[in-house]
Amino acid sequence: MKFSILRMTLKVVFIIFMLLVMIGPLVGIVIWSFARVWYWPSPLPQEFTLRYWIEVFKQGRVLNSLVLSVTIALLTVAFSTLLAIPAAYGFARYRLPFERILLLLFLMPQAFPQLPVFINLASIFGRMGLRGNIWGIVLAHTMASLVFSLWIITATFKSIPVELEQVAQNLGASRFKVFWTITFPIAIPGIIAGAIYVFLWSMGEFTAAFFIGAPFIQTAPVLMYTSSMGYNLQIASVIAIILIIPSLIFMILIERFLKAEYIASLGG
Amino acid sequence: MRLQTKERFIGFLLVLPAFLVLIFLYVYPLIRAIWTSFLKDNHLTWANYGKVFEIYSRDVLYSVVMTTGVVLVVLVLSILLASYLRFKEWRFLDLMYRLPLFIPFLIVGHAMRIFLAPHGTLNNLLTRILRVEELPGFSRSWIGLLWTFVWVMTPYAALIVLGAFRALDSSYIEAARNLGASKAKVVFTVIMPMCKPSIMVAAILTFVRTISSLTIPVMIGPNTPNMITVDMMFRINFFNDWGVANALGVVSYLIVVVLAVYYLRFMATERGGIKG
Amino acid sequence: MAVLQAQGLYKSYGQVKALDDVNIEIEDSELLAVIGPSGSGKTTLLRSIAGFVQLDSGKIFIKSKDITDLPPEKRNVAMFFQNYALWPHMTVFENVAYGLKIRRYDKKAIREKVEWALDFLDIKSLAERKPNQLSGGQQQRVALARAIVVQPDVLLLDEPLSNLDAKIRMRIRFELKALQKKLQIATLYVTHDQEEALSIADRIAVMHNGKVLQIGTPQQVYKEPVNLFVADFIGVNSIVRIKPLDKDIVKVGNLEFQPQQGVLHLVIRAEEARVLPAKEHVTLKEGDLKLEGIIMGKLYLGSKHRYEIKIHGIEEILFINSEEAFKINEQIQIIIPKDSFFVYWQ
């Protein structure tokens, strides 16, 4: 009996600790997003305000940066997915020359430090007039996110039994017809999952947007960064919350699919 | 034979557009990075690397030590988490550890700045509980940087490790338990050795993501010493010095390459030959 | 007139010869079963006819037309896949209609033909369901309907019954045979189950290591196997190996054999052998084999026993089933009719 009381106490302490460590940082930004005046050592702001939230919906730099980020993310998703679908089909169904080297190449943008590539891309784009231009950011994001799309869509294609395609071919359908009537429809859920992941990644990406977007373009993360560094903590917190929400929704949505067992294939 | 060649050609055509994008937007800038790192006043020289050695050798060391520290802490936490969740379902913990999974690093950096600042949310709470006037803040110190890295990196690593643990057939574990091994003993003698490749992947992934992160050290790291990514950013923003910035970039690449080679050799011995 | 002719097919994967000079023909409305252990090349043969395997050499003709170099979609052969391969995103109707749509039939014709096929296989009521709502047996019928609705020149069946449980399999065998006769489609039927092949096929081809060892009616293959492998693969057998001691003559039971190169292999059809008490008097017909031995062990199998028998003078163990009850260590004799044992030197 005594043992179980000790256990209960330990469990409660652990739960409080976890909540503090995991949720605490998020609670902090939520409170800051409503703060008007907040002096140490008051536990909560002295005055609350909705002013910074209203800025999100009013014409101005917050709304502009959000619209810009969404635009860039949507364009990135479109390019990344369109490039990845044929490539993923190639990897899943054909024997390619230098297959391992190709795979390594596609993996490199995410497996190696990105910063050196992004800053040089910025200087190359600078001479092409793509610096300070949303297309420059879209191109950089497409390149870096290609591996996500490619990985998820290739896995999806590979999970479709070859027999499903062979039957169709056996019944007289050409390779192209087989793809459009059989493979693609079955793969749609995987393609959508890949697209959402790329969208979220692009929305939150800072480094490329910062170096390539400078000096005219401010995506939401870049605006958040400058606000946070300039101690404009309210604006930064509002943007942070807006950027977190889609991620949390996505996480709940794919809760069923994001089984640890599924991720384990990464290790194999 | 003729048909096989045709097949390969079609496959290659399918991959070609994506391949070209990578060549122009990844490989070309990368080569340019290496090239520029040897240029100073339009002369080929080692001067930039000399400068890296002179000014930044402490930061390079700091980056490697910090990253290694992060990897160690993350591995310990992941294995603890994964071992617990392998034996016991606990939805609360399952949900909590995955929370940071999709939150962009930049936002984590901002949230931690507010949370760990000297007058931040954490100290606000702690001073009240401990009934003291002031507590030191962790932001802008190596503790805050380590804390934040561990906070964002653990979910990924734990997901991979737990995945491997769960994929392991229960009969291996039951056989050991049946012979009298405790749960802890089973983890150390059966589960961990059998899941070594996955633990390795988790470690490598954590290492690479940590050492190449810019946003977290720039938001929360100390002014000096700091991670090399921050140095690269300042070199460009304040000095417009692309040579040294790229030399730093090449150094960070080399660190990862050394690791990658080590990883491939580990995998080769683990599997008895490199396989796809 | 043969519908399908395969002439001199060769295919190797590295060192392994999957097809080694394979020649087969299938007559109109005939069912040819290809049997062999796994790795014998039977599936490679089927897939090469469907066009999924690129041959090293050889020619395949369908209705006298050379189809060797045609891609899979240009050959009018319908393949039935072992795992059915029904498309999960289409209803049963859409699955069956797919081949007709590709062939650009008009809507009305498609509806009529699909309904005919569903009716033929007795699954009309399932038309609007998705494959994951069907049982294994129903899925099998849908896959079959999808294959036959396009009126293929040749039907290729790849282990069609292997995913069904044993009880249903027995019933489906009869149905499949009746169906094939009604449709009169030339059919190539690949299976590893020799009993299935014996019961369903018009002719059987036995394959081993990429070679066709024997082609013939089920009776021919069962009663006159051409070599040790075929004899052993077909039926339930027990084999005795005897190394000739002297150079003159090898004596097995009541029979004598001239020694040849190698070891004498005696294949006994275990179902046909009779086990009797040693003392009982039997009159042997010309060529029948009589062995004497002692019961070493027995297993109870329900309607009969399986006996482990040591044969006198040979020191080899035979496994033979019998309905009669014997005790361990009892002396017995085994009578094997003359067409139920085979002798090979190897």
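How many residues of domain 1 of chain C are in contact with residues of domain 2 of chain C? Point 2 has the answer; here is a friendly walk through the model.

1. Before you start: this is a predicted model, in which local features need pLDDT of at least 70 and side-chain atom pairs count only at pLDDT 80 or more, while totals for chains, interfaces and linings use all residues. Residues are numbered from 1 along each chain as its sequence is written, with chains lettered from A and ligands numbered from 1 in the order in which they are written.

2. Chain C has two domains, domain 1 (2-232) and domain 2 (236-345); such bounds come from an automatic or database domain assignment. Their C-alpha centres are 39 Å apart. To settle the opening question, six residues of domain 1 of chain C meet seven residues of domain 2 of chain C, where contact means that C-beta atoms, placed from the backbone, lie within 7 Å. On the domain 1 side, helix α8 (residues 228-233) of chain C gives the most, with three residues. Helices here are DSSP runs of H or I with at least four residues, strands are runs of E with at least two, and both are numbered from the N terminus. That side of domain 1 of chain C holds three nonpolar, one polar and two charged residues. (Ala, Val, Leu, Ile, Met, Phe, Trp, Tyr, Cys and Pro count as nonpolar, Asp, Glu, Lys and Arg as charged, and the others, Gly among them, as polar.)

3. Five residues from domain 1 of chain A and six residues from domain 2 of chain A make the contact. Helix α1 (residues 2-34) of chain A supplies the largest share of the domain 1 side, four residues. By class, that side has four nonpolar, one polar and no charged residues.

4. Now look between chains: 70 residues from chain A touch 67 residues from chain B. On the chain A side, α1(A) brings the largest share, 10 residues. This side of chain A counts 55 nonpolar, 12 polar and three charged residues.

5. Finally, find the open sheet of five strands in chain C, ordered β15-β19-β16-β17-β18 with antiparallel pairing; strands pair if DSSP finds at least two bridges between them. At its edges are β15 (274-277) and β18 (317-322) of chain C, each pairing on one side only. Four bridges link β15(C) to the antiparallel strand β19 (residues 331-336) of chain C, and C:Pro277 has C:Ile332 as its bridge partner in β19(C).

Methods: Two residues are in contact if their C-beta atoms, placed from the backbone, lie within 7 Å.
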